[in-house]
Amino acid sequence: MFAECAAQSAYGCVGYYWRPEALPSTSNLSEIKLPAYSDDCWSRLNTTNPNPDAYLACDWTIDIIHKIGNAGMRQWAPHVSTFFKLQSLRETDVNTLLADYATRGKLAEETACRWLKANPVLWKGWIPPPPANYIRFLDSLSMSEPITILVFVLCAISYILAATLLGYLVKFAKSPSVRAQSPPFMAVILFGCTVITTSIVLEPLPASTSTCATRTWLLSLGMCTVLAAIILKTARIFWIFGNKKMRVMSGQLKTNRLMLAVACVVLVDAILLGVWTAVAGPTQTVLDVTTTTFTYVCGSTSTADGATAISVITMVYHALLLVTAVYLSYKVRNVATEFNESRWIALSSYQILLACILVLPVVYLPINFRAQVAIKCLMILCVVLGVMGGLVARAVVEAALAASAGNEDPMAVGGSAGGIGFGKFGSKSTATPSILGGKPTARGASAAPLMSAGDSTNKSTGGLAAGGGGAGPSGPVMYGVGFSMRKLAGYLRRWTEHDLTLVGGAKPALILTDLSHKSPQSKAYTVLVYARVLDDADKAKFPGCFLLAIEATKYLVQANDAAEAAQWVAAVSATFEAVNAAHSRGRITSTSGHGAQDSSAAVRSVTASQVAGMVMQGGGMGNA
């Protein structure tokens with residue numbers, strides 16, 4: 001009505017209105033001056049019972065605009081408090097804003113922006129100088145940073161390795177060397193390692209409520225899966241070899257029962273994680289990087305006692321799993337299962353323990369977030385690759401190498417190829433532990449040696465010196481042609497063909513010629529050479545074999561038969577008895593008055609002519 005009246009000139013309109021407001025700011029209205037406001041004038045107005053005496057005979061009162069804020073703002077945000085204190089708009093400024101808003105558009109932001117651009121002199125005086133380091137910038141990992149690229153590359157390698165190992169695991173599932181280490185457990189370990197790798201893929205991504213919860217769930221469930229598999233796999237070894245009463249436990253040790261136990265362990269972890277997510281509420285929090293930069297990290301905004309309690313319970317549960325895995329791995333470390341599996345289980349458990357010891361402090365220490373991400377991701381990925389390599393890759397690679405060489409399997413001869421090997425606990429037992437971890441491969445049904453030289457194999461008996469029983473303190477030379485040898489320790493242990501030459505005399509030597517290379521390579525050993533026959537339990541599984549120890553390395557050597565193996569053991573023991581006894585703490589004590597000779601001369605690569613010279617002269621390295 002006022003707008004219509006203001007738009008014409010035929011008649012006038014009188015009424016009450018207030019300002020500032022859009023209508024008087026945009027309309028051509030004239031103010032009628034009324035008597036000034038007084039409380040007595042206002043008290044006569046009766047809007048519920050109008051009468052000639054109940055009228056308003058004065059102007060409206062002027063309302064005072066108040067600015068109300070938190071009193072504490074003067075302490076924790078003094079610059080903001082000062083702004084509100086200085087901020088003041090004149091009536092003309094408000095009318096200008098209202099008119100602009102009513103006529104040029106209904107977006108308040110655009111109206112305010114136009115006014116700010118037109119009146120900088122007015123509003124700049126309201127803004128005090130910002131305090132030091134008030135303006136900060138977001139600092140976060142980008143996809144192009146070297147650490148991010150490195151993490152993604154290692155994760156890709158982990159995925160490829162897991163997929164490749166799973167394919168080989170399926171392909172060689174019936175191989176004795178693979179079945180000996182329980183393919184279901186190996187598959188579970190690969191799955192757990194893949195889940196852990198996925199959690200690491202999320203680490204360089206910006207922190208948010210979803211990514212924070214997902215990272216924790218994947219890392220926890222993956223680690224729990226791996227630890228549960230290691231615990232149950234090691235427990236089976238422990239129950240078999242550590243069961244002094246030898247109770248019948250075949251039903252409890254079946255793989256399907258142990259897999260159910262793994263699932264239960266993981267289920268408990270999932271329940272704890274669910275409660276932790278609901279109570280603690282993982283979310284994005286702000287972390288100060290420098291005085292002018294900040295970043296977003298994963299944290300929790302909950303301060304309730306329940307959130308702390310469930311967090312502690314979850315961490316204790318994971319710690320118990322880790323301690324159990326390490327304890328069982330330590331207990332079975334001396335059990336000589338097929339391929340020394342117990343040793344690699346122990347190494348994997350120790351890797352996980354070491355990673356936790358190094359990573360946990362880094363996560364909670366006030367260091368640069370890039371360093372935290374780098375150390376955490378690299379350490380965990382190294383453990384993942386180490387676990388897959390030690391507990392899965394060894395078995396499938398050895399099976400693949402055996403298949404590519406035309407052999408059925410490195411464990412195909414003698415004894416069963418079951419999941420558990422042979423041996424006893426080294427501690428608290430008077431029995432001598434078995435030292436072997438595999439079997440030589442036969443070319444047929446007989447227990448003939450693995451490698452051959454020409455039409456016959458291991459022609460050592462034909463090489464004995466005439467008129468003597470072989471090499472010894474007084475015997476000259478003993479030959480062994482095309483012997484099958486394999487290290488007892490190491491990541492991959494393959495049977496290789498060697499020629500053995502045992503030189504007796506005052507300066508004895510054992511010369512090993514590796515025939516697996518295009519150009520045979522020879523090494524001569526003059527001290528710390530030992531040999532012994534196998535234990536009765538191992539003789540049946542390793543027919544015609546004896547143990548050869550050179551310094552800290554042990555070899556399984558296959559002769560033609562047990563008699564020949566015993567002959568070599570006697571010859572080596574007699575030949576090196578004196579020099580081994582004279583060797584002390586890495587040095588050879590001379591008995592000829594020429595002082596001490598450094599034991600670095602105990603092994604040396606030799607040429608074919610040097611081998612011939614040593615054989616002709618019947619001496620050791622000094623005669624070569």
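Me: What makes a set of residues a nonpolar core here?
Reply: A nonpolar core is a set of buried Ala, Val, Leu, Ile, Met, Phe, Trp, Tyr and Cys residues joined through side-chain atoms within 4.5 Å. In this predicted model, the largest such core has 66 residues. Those with the most contacts inside it are V178, I352, V387 and L391.

Me: Which helices supply at least two residues of this core each?
Reply: They are α9, α11, α12, α13, α14, α15 and α16. The largest share, 17 residues, comes from α16. In general, nonpolar side chains of soluble globular proteins tend to be buried together.

Me: What does L391 touch?
Reply: Leaving out residues up to four places away in sequence, L391 touches Q181, M186, I189, I230, W344, I345 and S348.

Me: Which residues does the second core include?
Reply: M485, Y525, W568 and V569 are among them. That core is separate and has 23 residues.

Me: How do you know that the length of α9 agrees with its residue count?
Reply: Helix α9 runs over residues 146-171, 26 residues in total. At 1.5 Å a residue, the span should be 38 Å. The end C-alpha atoms are 37 Å apart, which agrees.

Me: What covers the buried residues of α9?
Reply: The cover includes α10, α11 and α16. The buried residues themselves are I147, T148, V151, L154, C155, S158, A162, L165 and L169.

Me: How does the span of α13 stand against the expected one?
Reply: Helix α13, residues 255-280, reaches 37 Å from its first C-alpha to its last. That is close to the 38 Å expected. Its buried residues include L258, V262, D269 and W276. Just after α13, G281 takes a positive phi of about 60 degrees.

Me: Why is S182 called buried?
Reply: Buried means under 20% relative accessible area. S182 has 8%, so S182 is buried. S182 also has a positive phi of about 60 degrees although it is not a glycine. S182 lies in the loop between α10 and α11.

Me: Why is the link of C41 and C58 called a disulfide?
Reply: The cut-off is 2.5 Å between cysteine sulfur atoms. The S to S distance of C41 and C58 is 2.2 Å, so the pair is a disulfide. The torsion about the S-S bond is about -105 degrees, so the disulfide is left-handed. C41 lies in helix α3 and C58 in the loop between α3 and α4, so the pair ties together parts 17 residues apart in sequence.

Me: How do you know that C212 and C298 form a disulfide?
Reply: Their sulfur atoms are 2.0 Å apart, and the cut-off is 2.5 Å. The torsion is -90 degrees, and the link is left-handed. C212 lies in α12 and C298 in β3, so the pair ties together parts 86 residues apart in sequence. C212 is buried, at 1%, whereas C298 counts as partly exposed, at 33%.

Me: What makes β1 and β2 edge strands?
Reply: The open sheet has the order β1-β3-β2, with mixed pairing. β1 and β2 each have a single partner strand, so one side of each is left without a neighbour in the sheet.

Key: Residues numbered from 1 in each chain as written. Predicted model: local features only at pLDDT ≥ 70, side-chain atom pairs only at ≥ 80, totals over all residues. Heavy atoms only, no water. Helix = DSSP H or I, 4+ residues; strand = E, 2+ residues; numbered from the N terminus. Expected span 1.5 Å × (residues − 1). Buried < 20%, exposed > 50% of the residue type's maximum accessible area, 1.4 Å probe, protein only. Contact = heavy atoms within 4.5 Å. Pairing = 2+ DSSP bridges.
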